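Subject: Structure for your review

Dear colleague,

Please find below the structure that I am handing over to you.

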Amino acid sequence: ILAFPFEDIGFAEIQSQFSWQESKVDIVICSYDDQFLVMATQIGTMGTIMHARKEEGMLNTPTFNVSVIFGKRDEPMLLACARQLIEHISNSGSSKPLTLSLGLKDHSMEILKGIVSAVIENRLW
Amino acid sequence: MDFDPHASTIESSSADGIVHEVQNLGINEESSTNITCFSDVFNDIPIHFQIICFPKQIYAWIGCQTARFGSLYAAASTRPNNIVSVTSLLGGTSDNTGSGIARRIVLKTGVPVTLACNIPKDSPMLEAHVEKKLIQKLIFLGYTKSKPQAVTS
């Protein structure tokens, strides 16, 4: 469901859900003026929160900075997920940074790929 | 409190100056994530609220005039003795407008809170108004911390 709950300001949100191995993953994507927020959770909380941004450098190809700002700092697959999404955002033409929160029961590559696909399918960029 | 998970009505309410409210964009009964958005006006300044209720956590965004994300704070009960701690995750200028709000929401609701807000600094009246509106809405949504039994002499 895509919604524009506030008139006159550039704010949009999408709520979605997909099934993964007998549980559901709730996904919320919000677009603010200066940022995207993506949340995917199975566990009832936001989980680990990461921030990803594009860095304008001297090179033709952009570089990205991805870091955990709250939660598990020893799960590289979570950062990989954030990295994939910020690159997709950048390739779609937006320079906005991304705040991503993942509250997942397991951090396997399969579920993270599923989340990346579901977010891209419902993207706001 | 009766809560209709399928309600997604847009209504204008004259009570308390709430201009526009969109409630619960949950797509089906099984969605445990409920989103509530509403707007308010304070001294001709439009203020927008977005509350996302997870089963064990609250995320809220407060937008003052614009849809800028602002600073992000996390607050929760921590050791020792379940006192409430708050930290700035993103943004976090020295004035920490919003960190007090996050902390007091945890005190009132007992649930960990992540709050993003772009309220300008040095506006204590605005900050107090915004906090009041947000807490009113959270109580309306069913978040009340159970009070300890009153001691009778």
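This is a predicted model: local features need pLDDT of at least 70, side-chain atom pairs count only at pLDDT 80 or more; totals for chains, interfaces and linings use all residues.

Helix H1 of chain A

Helix H1 of chain A runs over residues 76-91.

Which residues of H1(A) are buried? They are Leu78(A), Cys81(A), Ala82(A), Leu85(A), Ile86(A), Ile89(A) and Ser90(A). These residues cover an arc of only 170 degrees around the axis, and therefore they lie on the same side of H1(A). The spacing follows a general rule: an α-helix has 3.6 residues a turn, so residues three or four places apart point the same way. On the other side of H1(A), Pro76(A) and Asn91(A) are exposed.

The buried residues of H1(A) are covered by several elements of chain A, including strands E4 (36-41), E5 (48-55), E6 (63-70) and E7 (98-103), together with helix H2 (109-121). Just after H1(A), Gly93(A) has a positive phi of about 100 degrees.

Chain B

Chain B contains 2 helices and 8 strands, and their order along the sequence is β-β-β-β-β-β-β-α-β-α. Of its 153 residues, 47% count as buried. Among the contacts in chain B with a separation of 6 or more, 46% are between residues 24 or more positions apart.

Is Ile135(B) buried or exposed? Ile135(B) has a relative accessible area of 10%, and it is buried because this value is under the 20% limit. Leaving aside residues up to four places away in sequence, Ile135(B) touches Arg104(B), Ile105(B) and Lys108(B). The C-alpha atoms of Ile135(B) and Thr109(B) are separated by 8.7 Å, although the two residues are 26 residues apart along the chain.

The largest pocket

The largest pocket holds about 200 Å³ of space. It is lined by 15 residues, and the closest to its centre are Phe70(A), Ala74(B), Ala75(B), Ala76(B) and Pro112(B). Strands E6 (71-78), E7 (83-90) and E8 (113-117) of chain B each give two or more residues to this lining, and the largest share, 4 residues, comes from E6(B). By class, the lining has 7 nonpolar, 7 polar and 1 charged residues.

Yours sincerely

How values were computed
Residues are numbered from 1 along each chain as its sequence is written. Chains are lettered from A and ligands numbered from 1 in the order in which they are written. Side-chain values use heavy atoms; hydrogens and water are left out. The expected span of a helix is 1.5 Å times one less than its number of residues. Buried means under 20% relative accessible area, exposed over 50%, partly exposed in between (1.4 Å probe, protein chains only). The arc is that of the directions from the helix axis to the C-beta atoms. Contact means heavy atoms within 4.5 Å. On a 1 Å grid over the protein atoms alone, a cavity is a set of points where a 1.4 Å probe fits but cannot get out, and a pocket is an open set with protein on both sides within 12 Å along at least five of seven lines; lining residues have an atom within 4 Å of a point. Grid points are joined across faces, edges and corners, and a volume is the space filled by probe spheres set on the points. Ala, Val, Leu, Ile, Met, Phe, Trp, Tyr, Cys and Pro count as nonpolar, Asp, Glu, Lys and Arg as charged, and the others, Gly among them, as polar.
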